[in-house]
Amino acid sequence: MKDFFGEKAIKLSIDGGFTCPNRDGTIGVRGCIFCSERGSGDFNSESCKSISEQINEQREIMSRKWKSSTYIAYFQSYTNTYDTVENLRKKFNEALICENIKGIAIATRPDCISEEVLELLAELNEKTFLWVELGLQTINNSTANLIRRGYSLDVFEKTAKMLKTKNIRTVIHLIMGLPGEDREQMLKNISYVSALRPWGVKIHMLHILQNTDLAKFYLNTHFNVMSHDEYVELICDSLELLNEDIVIHRLTGDGKKSDLIEPRWTLNKLKVLSDIDKELKKRNSLQGKYAPL
Ligand code: SF4
C-alpha cells in the first residue's frame, strides 16, 4: 500500500445492508457453521446507516489511531455482490465519492459473481484500487460440506480464474483448524492457493463463537482445537509454502472477546504475530522458501 499510495492505507469496515444466499433460503437458512450473527462483520458500523454515514463514523474513529489520508472502503458483512447490479453500483459509487476513499475491498462468495457483476467489478477496477475477497476456507469437499459452505471447489476455481482474466486483485480466505482437518490437509489448502497466485491471502484461525452452530458442534464433539504453539508452527510452515509474491493480509483473526469460546489464546494477537516472527527467525526462514517455482 505504501508503494502504491505513498502511505499506509486504512480499511474502514462497512455493512452494505446485503444478505447471503446461504442465509436467505436460496442455498440454506443457517449459513456457514461458523458465521456470526452479523455475517462475519462484527466490528462494523450498523447497516441501518447509509454508506457515507458509516464511512464518516469509521474514519473518525480510525483517524484517532492512524494518521493517513488514504482509506479503503471494506464491504465486509455477508455477501457484498448479492444484489442487483444497479444497487451494487449505487452503493460502491456512494463509497467512492467519500473524502479520501481511494479504494474498495469487496468480500463475497464465488457463486455470487455473475457475468454482469464481473463487468461491474471490471468497471470499478478501472477507476479505483479494487480487490475482491473470496472465502474458500478449505479445498476438502467433506469439510466444505460439514461447514455448509454451499459451493463446490470447481465454482471457486472458475470465479478466481475469471477475476484474474479481468486483472482484478483477489484475496483468498483460508481457515485453519476446521474440524477434522489435520496439518497435512491444511498445508494442501495452502499449496493449492499458492499455485493459483492470487494477489493476497487471509489466514484465520477458526473461532468458535457464541450463538453459532459451530459452538453447538464443539460442545457436542469437543473436536481438537490447536494450541498457540501448534498454530505458530503451522503458520510458519504455511508461509514457507506460499509464493513470495502473494500479499499476506492476515495471519490470525480478531474475535469479539465476549463471544469467543475457543481458542482464547487468539485474543493475544500481538503475541501470536510476534511468535510467528520469532519462529521464522529461529528457522532462518521466510515466505516462499519452499514454494514450488
Ligand atoms: S458465506 Fe459468509 S455471510 Fe454467508 S453464511 Fe457463510 S460466512 Fe456467513
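Start with the second largest pocket, which holds about 230 Å³ of space. Keep in mind that this is a predicted model. Rolling a probe the size of a water molecule over the atoms shows where empty space is left.

**Stop one: the pocket lining.** Select Glu181, Arg183, Met186, Asn224 and Met226. Of the 15 residues that line the second largest pocket, these five lie nearest its centre. Now colour the lining by class.

**Stop two: the helices.** Which helices each supply at least two residues of this lining? Select 183–196 for helix H7 and 228–241 for helix H9. H9 gives the largest share of the lining, with four residues.

**Stop four: Ser13.** Select residues 10–14 to bring up strand S1, where Ser13 lies. Is Ser13 buried or exposed? Its relative accessible area is 13%, so Ser13 counts as buried, because the cut-off for buried is under 20%. The side chains of Ser13 and Gln76 are joined by a polar contact of 3.2 Å. Draw a line between the two side chains to finish the tour at this contact.

Conventions. Residues numbered from 1 in each chain as written. Predicted model: local features only at pLDDT ≥ 70, side-chain atom pairs only at ≥ 80, totals over all residues. Heavy atoms only, no water. 1 Å grid on protein atoms, 1.4 Å probe; cavity = no way out; pocket = protein on both sides within 12 Å on 5 of 7 lines; lining within 4 Å. Points joined across faces, edges and corners; volume = space filled by probe spheres on them. Buried < 20%, exposed > 50% of the residue type's maximum accessible area, 1.4 Å probe, protein only. Polar contact = N/O pair within 3.5 Å; in protein donor to acceptor, adjacent residues only side chain to side chain.
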